[in-house]
Amino acid sequence: PTVLKDSILEVPKVRWTDIAGLGHVQKLLEEIMIRPIKFPDLYLKFGGAASRKGVLLYGPPGCAKTLIAQAVATESNQNFLAVKGSELIKMYVGESERAIRDVFRRARAAKPCIIFFDEIDSIGKSREKSQDSGLNVVTTLLNEMDGIEALKEVFIIGATNRPDILDSALIRPGRFDAHIHIGLPNEDARKQIFEIHTRKMPLAGDVDLGILASRTQDYSGADIKALCSITGEMGISDYTQNPSPDNTPEIRMCHFERALAEHSPHT
Ligand code: ATP
């Protein structure tokens, strides 16, 4: 059988408290994905009210799509099977299809399980537009999604930066039937992201995360995380260059200033 080296089965440890500024998404996903797991009988009684099998998270890179999928799995005690679309598409003709079937087979064996398809656009590209072997890959994915019965404890979360190029059959109800936009964090969310990523850092009293949030417009969560770690390195290097007794090992606002001046965000 085809082994997907990058598909990992794990129970992630990401909690909602690790994710800032996306309370509305949490609420929505709790309704769509977690409640049916908690109250399956109720849903059956209501005539299969939640027939959803998959949700699509879309938006710019680095804005917590992966984190969200992991949090859903953690908070609902489900296994988590992560697959990267770009890995699947690199395979030889026929092999990608086999790998997709294999992912679904493994998910059914590990249920309750969430399959997380990152970069779903690379396998779910519109069949009209793709010149490569995309046709069979999309068809296989559609068939596998159709083969999953709602409420049978396999859910699919897809993530993409390019929802516009997805095959329309894929985003039809019964497949990815809920589409949730995950945008760049606003100022308030950025402040919380700074709080999360500086939780374990020795911050000096002059560090003002509110000011940092106001100066990082257009930064993604991943950009903020990177900024915090660059800043940490600056603090360490400052200290190691002058480890005198009156030099406290801490991170000061000037380190953040320098990191901001020297590094621009990637997204
Ligand atoms: P991509 O499209 O590049 O795969 P993504 O949207 O899946 O990106 P993640 O991989 O979830 O983004 O985020 C990258 C990292 O950025 C996370 O591991 C996390 O540390 C940080 N991050 C992003 N958004 C947030 C947020 N809202 N709260 C806390 N951390 C965040």
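In which loop is Glu-119 found? Glu-119 belongs to the loop between strand 4 and helix 6 (121-124), where helices (H or I, at least four residues) and strands (E, at least two) are DSSP runs numbered from the N terminus. The structure is a predicted model, in which local features need pLDDT of at least 70, side-chain atom pairs count only at pLDDT 80 or more, and totals for chains, interfaces and linings use all residues. Residues are numbered from 1 along each chain as its sequence is written, and side-chain values use heavy atoms, with hydrogens and water left out.

Glu-119 has a phi near 50°, a positive value in a residue other than glycine. Most residues other than glycine have a negative phi, and most peptide bonds are trans. Glu-119 counts as partly exposed because its relative accessibility is 27%; buried means under 20% relative accessible area, exposed over 50%, and partly exposed in between (1.4 Å probe, protein chains only). Ile-120 lies in the loop between strand 4 and helix 6 and counts as buried, because its relative accessibility is 0%. From Ile-120 to Asn-136 the C-alpha to C-alpha separation is 15 Å in space, and the two are 16 residues apart in sequence.

A positive phi, near 55°, is also found in Asn-77, a residue other than glycine. Asn-77 is placed in the loop between helix 3 and strand 3 (79-84), and its relative accessibility of 65% is why it counts as exposed. A cis peptide bond, with omega about 0°, joins Lys-111 and Pro-112. Pro-112 is found in the loop between helix 5 (95-109) and strand 4.

Strand 5 (residues 154-160) is mostly covered, with 7 of its 7 residues buried. From this strand, Val-154, Ile-156, Gly-158 and Thr-160 point one way, whereas Phe-155, Ile-157 and Ala-159 point the other way, and all are buried. Strand 5 pairs in the parallel sense with strand 2 (residues 54-58) over 5 bridges, pairing being assigned if DSSP finds at least two bridges between two strands. In this pairing, Val-55 stands opposite Ile-157. Strand 4 (residues 113-118) also runs parallel to strand 5 and is joined to it by 5 bridges; Cys-113 has Val-154 as its bridge partner in strand 5.

The largest pocket has a volume of about 760 Å³. A pocket is defined on a 1 Å grid over the protein atoms alone as an open set of points with protein on both sides within 12 Å along at least five of seven lines, and lining residues have an atom within 4 Å of a point. Grid points are joined across faces, edges and corners, and the volume is the space filled by probe spheres set on the points. The lining comprises 35 residues, of which Gly-62, Cys-63, Ala-64, Leu-67 and Ala-222 lie nearest the centre of the pocket. At least two lining residues each are supplied by helix 3 (65-75), strand 5, helix 8 (187-198) and helix 10 (221-241). Helix 8 gives the most, with 5 residues.

Leu-42 is placed in helix 2 (residues 40-45) and is partly exposed, with a relative accessible area of 43%.

Definitions and conventions. On a 1 Å grid over the protein atoms alone, a cavity is a set of points where a 1.4 Å probe fits but cannot get out, and a pocket is an open set with protein on both sides within 12 Å along at least five of seven lines; lining residues have an atom within 4 Å of a point.
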